[in-house]
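Here is a friendly tour of some helix packing. Have the model open as you read.

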Amino acid sequence: MMEYVYQPSLIHDLHPVTKLAWAVLIMLLALLFNNPIVLLGTILSVIVVGALGKALRGVAIYLSAMAMVAAFVFIFQIFFQPGGARLCTVFPASWPLVGKLAITERGVLYGLAMSLRVLCLVSPFPVIFATTQPRDIVMSLVETLHVPYDYAFMFTTALRFMPIVMAEVSTISQAQRSRAYAVEGWNPYRKMKAIIPIALPIVFIAIEKADRLGLSMD
(Lines give C-alpha, C1' and ligand atoms only; values in the text may rest on other atoms or scores of the structure.)
Protein backbone atom coordinates (compact mmCIF):
# COMPACT_ATOMS: atom_id res chain seq x y z
CA MET A 1 0.00 0.00 0.00
CA MET A 2 1.36 3.40 -1.07
CA GLU A 3 4.66 1.82 -2.15
CA TYR A 4 6.26 3.06 -5.34
CA VAL A 5 6.44 0.43 -8.07
CA TYR A 6 7.49 1.50 -11.53
CA GLN A 7 5.07 0.52 -14.26
CA PRO A 8 4.66 2.01 -17.73
CA SER A 9 1.65 4.31 -17.38
CA LEU A 10 0.58 7.85 -18.17
CA ILE A 11 0.43 8.78 -14.48
CA HIS A 12 3.96 7.51 -13.81
CA ASP A 13 5.31 9.74 -16.59
CA LEU A 14 3.70 12.93 -15.25
CA HIS A 15 5.85 15.49 -13.46
CA PRO A 16 5.57 15.27 -9.64
CA VAL A 17 4.43 18.91 -9.45
CA THR A 18 1.54 18.08 -11.77
CA LYS A 19 0.46 15.28 -9.46
CA LEU A 20 0.76 17.52 -6.40
CA ALA A 21 -1.33 20.20 -8.14
CA TRP A 22 -3.94 17.55 -8.93
CA ALA A 23 -3.96 16.46 -5.26
CA VAL A 24 -4.43 20.08 -4.13
CA LEU A 25 -7.32 20.45 -6.61
CA ILE A 26 -9.01 17.31 -5.23
CA MET A 27 -8.66 18.59 -1.66
CA LEU A 28 -10.02 22.01 -2.62
CA LEU A 29 -13.05 20.38 -4.21
CA ALA A 30 -13.54 18.35 -1.04
CA LEU A 31 -13.46 21.52 1.09
CA LEU A 32 -15.58 23.70 -1.18
CA PHE A 33 -18.52 21.35 -1.81
CA ASN A 34 -20.92 19.69 0.61
CA ASN A 35 -22.98 17.92 -2.05
CA PRO A 36 -22.54 14.15 -1.60
CA ILE A 37 -22.92 13.61 -5.35
CA VAL A 38 -20.04 15.99 -6.13
CA LEU A 39 -17.86 14.43 -3.44
CA LEU A 40 -18.65 10.90 -4.63
CA GLY A 41 -17.83 11.94 -8.20
CA THR A 42 -14.52 13.36 -6.98
CA ILE A 43 -13.64 10.06 -5.29
CA LEU A 44 -14.57 8.15 -8.44
CA SER A 45 -12.29 10.44 -10.47
CA VAL A 46 -9.42 9.59 -8.12
CA ILE A 47 -10.16 5.89 -8.57
CA VAL A 48 -10.05 6.37 -12.36
CA VAL A 49 -6.67 8.13 -12.09
CA GLY A 50 -5.45 5.30 -9.86
CA ALA A 51 -6.55 2.79 -12.47
CA LEU A 52 -4.69 4.73 -15.18
CA GLY A 53 -1.60 4.66 -12.95
CA LYS A 54 -2.04 0.91 -12.30
CA ALA A 55 -2.35 1.66 -8.59
CA LEU A 56 -6.00 0.70 -8.20
CA ARG A 57 -5.29 -2.02 -5.64
CA GLY A 58 -3.38 0.36 -3.36
CA VAL A 59 -6.10 2.98 -3.64
CA ALA A 60 -8.79 0.40 -2.82
CA ILE A 61 -6.89 -0.87 0.25
CA TYR A 62 -6.23 2.65 1.52
CA LEU A 63 -9.82 3.81 1.03
CA SER A 64 -11.18 0.66 2.69
CA ALA A 65 -8.96 1.37 5.72
CA MET A 66 -10.07 5.01 5.82
CA ALA A 67 -13.70 3.91 5.47
CA MET A 68 -13.67 3.03 9.18
CA VAL A 69 -12.77 6.64 10.03
CA ALA A 70 -15.40 7.89 7.58
CA ALA A 71 -18.01 5.62 9.19
CA PHE A 72 -17.19 7.07 12.62
CA VAL A 73 -17.57 10.60 11.23
CA PHE A 74 -20.91 9.65 9.68
CA ILE A 75 -22.29 8.20 12.92
CA PHE A 76 -21.06 11.18 14.92
CA GLN A 77 -22.62 13.72 12.53
CA ILE A 78 -26.05 12.15 12.22
CA PHE A 79 -26.54 12.39 15.97
CA PHE A 80 -25.29 15.94 16.45
CA GLN A 81 -26.61 17.71 13.36
CA PRO A 82 -30.22 18.66 14.10
CA GLY A 83 -32.71 19.93 11.58
CA GLY A 84 -34.88 18.55 8.82
CA ALA A 85 -37.46 15.81 8.95
CA ARG A 86 -37.06 13.27 11.75
CA LEU A 87 -36.45 9.81 10.31
CA CYS A 88 -36.25 7.74 13.48
CA THR A 89 -35.18 7.73 17.11
CA VAL A 90 -32.37 5.62 18.49
CA PHE A 91 -33.46 5.28 22.12
CA PRO A 92 -36.88 5.44 23.80
CA ALA A 93 -38.03 9.00 24.45
CA SER A 94 -38.43 8.24 28.15
CA TRP A 95 -34.69 7.71 28.58
CA PRO A 96 -32.89 10.74 30.05
CA LEU A 97 -30.55 12.69 27.75
CA VAL A 98 -30.16 10.02 25.04
CA GLY A 99 -33.94 9.89 24.56
CA LYS A 100 -33.74 13.18 22.68
CA LEU A 101 -31.27 11.85 20.11
CA ALA A 102 -32.92 11.44 16.74
CA ILE A 103 -31.72 10.74 13.23
CA THR A 104 -32.88 13.50 10.89
CA GLU A 105 -32.77 13.89 7.13
CA ARG A 106 -30.36 16.80 7.42
CA GLY A 107 -28.13 14.83 9.78
CA VAL A 108 -27.90 11.89 7.36
CA LEU A 109 -27.06 14.12 4.39
CA TYR A 110 -24.52 16.13 6.37
CA GLY A 111 -22.94 12.99 7.84
CA LEU A 112 -22.70 11.45 4.38
CA ALA A 113 -21.09 14.62 3.03
CA MET A 114 -18.55 14.78 5.87
CA SER A 115 -17.60 11.10 5.56
CA LEU A 116 -17.14 11.46 1.81
CA ARG A 117 -15.10 14.60 2.44
CA VAL A 118 -12.72 12.62 4.64
CA LEU A 119 -12.23 10.09 1.86
CA CYS A 120 -11.72 12.87 -0.70
CA LEU A 121 -9.02 14.55 1.37
CA VAL A 122 -6.89 11.42 1.68
CA SER A 123 -7.64 9.65 -1.62
CA PRO A 124 -4.98 11.35 -3.83
CA PHE A 125 -2.02 10.31 -1.67
CA PRO A 126 -1.92 6.57 -2.46
CA VAL A 127 -1.97 7.45 -6.16
CA ILE A 128 0.90 9.93 -5.80
CA PHE A 129 3.10 7.64 -3.73
CA ALA A 130 2.39 4.58 -5.86
CA THR A 131 3.40 6.41 -9.03
CA THR A 132 6.13 8.80 -7.80
CA GLN A 133 9.43 8.17 -6.07
CA PRO A 134 9.74 10.03 -2.74
CA ARG A 135 13.02 11.66 -3.76
CA ASP A 136 11.35 13.08 -6.88
CA ILE A 137 8.64 14.63 -4.71
CA VAL A 138 11.22 16.21 -2.40
CA MET A 139 13.33 17.53 -5.28
CA SER A 140 10.27 18.92 -7.05
CA LEU A 141 9.13 20.74 -3.93
CA VAL A 142 12.61 22.17 -3.37
CA GLU A 143 13.70 22.98 -6.93
CA THR A 144 10.40 23.83 -8.62
CA LEU A 145 8.25 25.23 -5.82
CA HIS A 146 11.19 26.56 -3.78
CA VAL A 147 9.98 24.94 -0.57
CA PRO A 148 12.74 24.80 2.10
CA TYR A 149 14.31 21.36 2.13
CA ASP A 150 13.51 20.76 5.81
CA TYR A 151 9.79 21.31 5.21
CA ALA A 152 9.74 19.23 2.03
CA PHE A 153 11.49 16.36 3.79
CA MET A 154 9.15 16.65 6.79
CA PHE A 155 6.09 16.60 4.51
CA THR A 156 7.22 13.52 2.61
CA THR A 157 8.36 11.69 5.75
CA ALA A 158 5.05 12.34 7.53
CA LEU A 159 3.06 10.91 4.62
CA ARG A 160 5.35 7.90 4.35
CA PHE A 161 5.10 7.15 8.06
CA MET A 162 1.53 5.82 7.88
CA PRO A 163 2.24 2.98 5.40
CA ILE A 164 5.11 1.84 7.62
CA VAL A 165 2.80 1.76 10.64
CA MET A 166 0.13 -0.10 8.65
CA ALA A 167 2.73 -2.71 7.63
CA GLU A 168 3.62 -3.17 11.30
CA VAL A 169 -0.09 -3.60 12.12
CA SER A 170 -0.31 -6.39 9.54
CA THR A 171 2.81 -8.09 10.91
CA ILE A 172 1.63 -7.96 14.53
CA SER A 173 -1.86 -9.16 13.57
CA GLN A 174 -0.38 -12.16 11.77
CA ALA A 175 1.85 -12.89 14.78
CA GLN A 176 -1.18 -12.80 17.08
CA ARG A 177 -3.12 -15.14 14.77
CA SER A 178 -0.19 -17.58 14.75
CA ARG A 179 -0.59 -17.74 18.55
CA ALA A 180 -4.29 -18.59 18.09
CA TYR A 181 -5.35 -15.14 19.29
CA ALA A 182 -8.74 -14.30 17.75
CA VAL A 183 -9.04 -10.77 16.36
CA GLU A 184 -12.10 -11.34 14.18
CA GLY A 185 -15.74 -11.13 15.12
CA TRP A 186 -18.56 -8.60 15.21
CA ASN A 187 -18.95 -8.21 18.98
CA PRO A 188 -17.88 -4.58 19.69
CA TYR A 189 -16.62 -5.33 23.21
CA ARG A 190 -14.58 -8.34 22.11
CA LYS A 191 -13.32 -6.38 19.10
CA MET A 192 -12.05 -3.53 21.28
CA LYS A 193 -10.53 -6.00 23.72
CA ALA A 194 -8.77 -7.79 20.85
CA ILE A 195 -7.32 -4.55 19.48
CA ILE A 196 -5.43 -3.71 22.71
CA PRO A 197 -2.64 -6.34 22.26
CA ILE A 198 -2.14 -4.97 18.74
CA ALA A 199 -2.43 -1.27 19.52
CA LEU A 200 0.09 -1.18 22.36
CA PRO A 201 3.01 -2.63 20.36
CA ILE A 202 2.15 -0.30 17.47
CA VAL A 203 2.37 2.74 19.76
CA PHE A 204 5.77 1.67 21.08
CA ILE A 205 7.05 0.84 17.59
CA ALA A 206 5.86 4.21 16.24
CA ILE A 207 7.61 6.06 19.08
CA GLU A 208 10.81 4.09 18.52
CA LYS A 209 10.75 4.73 14.76
CA ALA A 210 10.11 8.45 15.29
CA ASP A 211 13.01 8.59 17.77
CA ARG A 212 15.35 6.84 15.34
CA LEU A 213 14.25 9.14 12.53
CA GLY A 214 14.97 12.19 14.69
CA LEU A 215 18.43 10.90 15.55
CA SER A 216 19.13 10.16 11.87
CA MET A 217 18.07 13.68 10.87
CA ASP A 218 20.30 15.17 13.59
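This is a predicted model: local features need pLDDT of at least 70, side-chain atom pairs count only at pLDDT 80 or more; totals for chains, interfaces and linings use all residues.

Residues are numbered from 1 along each chain as its sequence is written, and side-chain values use heavy atoms, leaving out hydrogens and water.

Two packed helices are described by the angle between their axes and the distance between the axes. Here, axes are lines fitted to C-alpha atoms over the stretch in contact, with angles from 0 to 180 degrees between N-to-C directions. Helices are DSSP runs (H or I, at least four residues), numbered from the N terminus.

| Helix pair | Angle | Axis distance |
|---|---|---|
| α2 (residues 16–32) and α3 | roughly 160° | within 10 Å |
| α3 (residues 36–52) and α4 (residues 56–79) | about 145° | 7 Å |

α2 and α3 are therefore roughly antiparallel (an angle over 145 degrees). Where they touch (heavy atoms within 4.5 Å), W22, I26, L29 and A30 of α2 meet L39, T42, S45, V46 and V49 of α3. By class, that contact has seven nonpolar, two polar and no charged residues; Ala, Val, Leu, Ile, Met, Phe, Trp, Tyr, Cys and Pro count as nonpolar, Asp, Glu, Lys and Arg as charged, and the others, Gly among them, as polar.

On the α4 side, I43, I47, G50 and A51 in α3 meet L56, V59 and L63 in α4. The residues of this contact comprise six nonpolar, one polar and no charged.

Finally, the buried residues of α5 include G107, G111, M114 and R117 (buried means under 20% relative accessible area, with a 1.4 Å probe and protein chains only).

Key
Helices (H or I, at least four residues) and strands (E, at least two) are DSSP runs, numbered from the N terminus. Angles under 35 degrees count as roughly parallel, over 145 as roughly antiparallel, 65 to 115 as roughly perpendicular and the rest as oblique. Buried means under 20% relative accessible area, exposed over 50%, partly exposed in between (1.4 Å probe, protein chains only).
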